[in-house]
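Here's a quick tour for anyone opening this structure for the first time. Have a look at the picture, then follow the notes below.

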Amino acid sequence: IKLQLSFRGGVCPNLASCGQQGGSFLIAICIGSMAEAECKAKPSGIDVARGLSQEFLTEEFFEKYWEKLPLHYRAREKGKSANRLPEALSVDDVMSMLRKAGPSLKMFKKGDPSDHESFMAAYLDGVSLIVNQADRTTEVLMDLCRALGKAHFLHAFCVAYLTPPGSQAVRLHTDDQDVFLLQVWGKKEWTIRNAPKPLCYTEEMLGKDTPVPKELVGDPIMEFTMEPHDILYIPRGYLHEAATGMEPSLHITVTMPTSDYCWGVQLVKHCMQHLSLNKSEPSLLRRPLSSKAPSAGDDLDKQLKDIVGSWASDVKMGSVLEAFEQRMAQTNEGQERQFARMSEIKSPPRVTEDSKVRLMHGITCLCHPRKELALFVKPDNQQMEVPAAKTAMPMLKALTHRPQLVTDFPCEDAFERVCVLQLLHQQRVVQLFAGSGSLAGG
């Protein structure tokens, strides 16, 4: 009763925008944690898409920048509502994404592929983690792609880039896709250069297998730092590269495969579709090319002209667009099936930000910061040495036999913190408790 009288008529302290007053606030006090959760509800992928569409994908953007010029949207100057992914994606979400990724997970250290068996150990070793088709693993990203595809692009997919401090995932290169980079956490230094081949096809990309020829590399046209809530648009064909400084970085690249969308590629596909549906398809189309010149060259020229002419005489813009939309619908159906399969994957008990951990009974931890080494000693005097970066030392020193909330351990990199504790749990030197405080299995 005293609580009711004291707070009657007050305003909910969680968020000014909540605006709960009087009797409504009494309910918020009675169910405190529920009210706080409601006020701080994570945005959905649809919410993220709405903010991006309203604040960034404007008429001005499509007139001035789309397929023409790169654009850096600075949240510090323009506000955070255009990119709400930092509110929507948690460390636990990213961990789940990486666990489900399978062969879609690629690992690179300073541009070279890495063969680590564990993505957590790889990250702690300075390896960048890239998840292709990340939308298939994470609901918020899938919803984001659905909404953007429906509103603007017919189809979109996501790639996640998680880069530890002082690292570079890939070297200077161009892409055959138009991309929107949404910064989630940390910072990343970017350099954008010229487009040696604007609106390039897939086979015209540069820097993928070999370095970009020096004569094609122009002076930087943009140099800047991406921060949380920032957005970067890069049209296909522009040279770009990025690296982290003293802190890690996570960004999600929302991708439109525009080289596949373009009229040149779609006309070729339409032609092949037209000819394959033709009951009188010439046998020539299914014969392989040979290094030996055909004996009847003039006759072959005529056949080729007749084949292309039969298609060209019937081709119409409407039929090309209809065939394209059918292919996009099939692509979206495949994306949905993969997402459904990924959603069925269940993870074993693991360290999350809302779980608690403690040292196993009888185990002690000795830290040697200068050697970047932690020594775990068991009751029978068996010892296990664990390499540990300086950034992890405060967290390791804080380990005790008392259960502690994961987020209470001191560590500037939240992803590093979960990686370290999970690896220690797998080595059976740390005991894991679920979010409710009960002992977790495994």
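A residue counts as buried under 20% relative accessible area, as exposed over 50%, and as partly exposed in between. With a relative accessible area of 34%, Leu-199 is therefore partly exposed. Bear in mind that this is a predicted model.

- Most residues other than glycine have a negative phi.
- Leu-199 isn't a glycine, yet its phi is positive, near 50 degrees.
- You'll find Leu-199 in the loop between E7 and E8.
- His-229 is another non-glycine residue with a positive phi, in this case about 80 degrees.
- Look for His-229 in the loop between E8 and strand E9, which covers 231-234.
- Is His-229 buried or exposed? Its relative accessibility is 8%, and the cut-off for buried is under 20%, so His-229 counts as buried.

**The three-strand sheet**

- Three strands make up an open sheet here, in the order E8-E7-E10, and their pairing is antiparallel.
- Which strands stand at the edges? They are E8 (222-226) and E10 (240-243); each has a single partner strand, so one side of each is left without a neighbour in the sheet.
- On average, neighbouring strands of this sheet are turned by 20 degrees against each other, if you ignore direction.
- E7 and E8 run antiparallel and are joined by five bridges.
- Across that pairing, Trp-190 stands opposite Phe-224 in E8.

**Thr-191, a residue of strand E7**

- Thr-191 sits in strand E7, which spans residues 188-192.
- Its relative accessible area is 14%, so Thr-191 is buried.
- What does Thr-191 touch, not counting residues up to four places away in sequence? The list is Pro-220, Met-222, Glu-223, Leu-239, His-240 and Glu-241.
- Two of those, Met-222 and Glu-223, fall within the residue range of E8, and His-240 and Glu-241 fall within that of E10.

**The eight-strand sheet**

- There's also an open sheet of eight strands, again with antiparallel pairing.
- Its strand order reads E1-E9-E6-E11-E5-E4-E2-E3.
- E1 (71-73) and E3 (112-113) are the edge strands, and each of them pairs on one side only.
- How many bridges link E5 (residues 157-163) with E11 (residues 249-256)? There are seven, and the two strands pair in the antiparallel sense.
- Within this pairing, Leu-162 stands opposite Leu-250 in E11.
- In general, strands of a sheet pair through backbone hydrogen bonds, either parallel or antiparallel.

**Helices H10 and H14**

- The axes of H10 (residues 139-153) and H14 (residues 317-343) come within 11 Å and cross at roughly 165 degrees.
- Angles over 145 degrees count as roughly antiparallel, so that is how H10 and H14 lie to each other.
- The crossing of H10 and H14 is left-handed.
- On the H10 side, Glu-139, Met-142, Cys-145 and Arg-146 take part; they meet Gln-335, Glu-336 and Phe-339 in H14.
- Sorted by type, the residues of this H10 and H14 contact are three nonpolar, one polar and three charged.

**Helices H8 and H16**

- H8 (residues 91-101) and H16 (residues 414-426) have axes that come within 10 Å and cross at roughly 60 degrees.
- That angle makes H8 and H16 oblique to each other.
- H8 passes H16 in a right-handed crossing.
- From H8, the contact uses Val-91, Val-94, Met-95, Leu-98 and Arg-99; from H16, Ala-414, Phe-415, Val-418, Cys-419 and Gln-422.
- Eight of the residues in this H8 and H16 contact are nonpolar, one is polar and one is charged.

**Ala-101, also in helix H8**

- Ala-101 has its place in helix H8.
- Which residues does Ala-101 contact, leaving aside its neighbours within four places in sequence? They are Val-131 and Thr-137.
- Ala-101 and Ala-134 are 33 residues apart along the chain, and their C-alpha atoms are separated by 7.3 Å.

How values were computed
Residues numbered from 1 in each chain as written. Predicted model: local features only at pLDDT ≥ 70, side-chain atom pairs only at ≥ 80, totals over all residues. Heavy atoms only, no water. Axes fitted to C-alpha atoms, helices over the stretch in contact; angles between N-to-C directions. Helix = DSSP H or I, 4+ residues; strand = E, 2+ residues; numbered from the N terminus. Parallel < 35°, antiparallel > 145°, perpendicular 65-115°, else oblique. Left-handed = near helix turned anticlockwise from the far one by under 90°. Contact = heavy atoms within 4.5 Å. Nonpolar A, V, L, I, M, F, W, Y, C, P; charged D, E, K, R; others polar. Buried < 20%, exposed > 50% of the residue type's maximum accessible area, 1.4 Å probe, protein only. Pairing = 2+ DSSP bridges.
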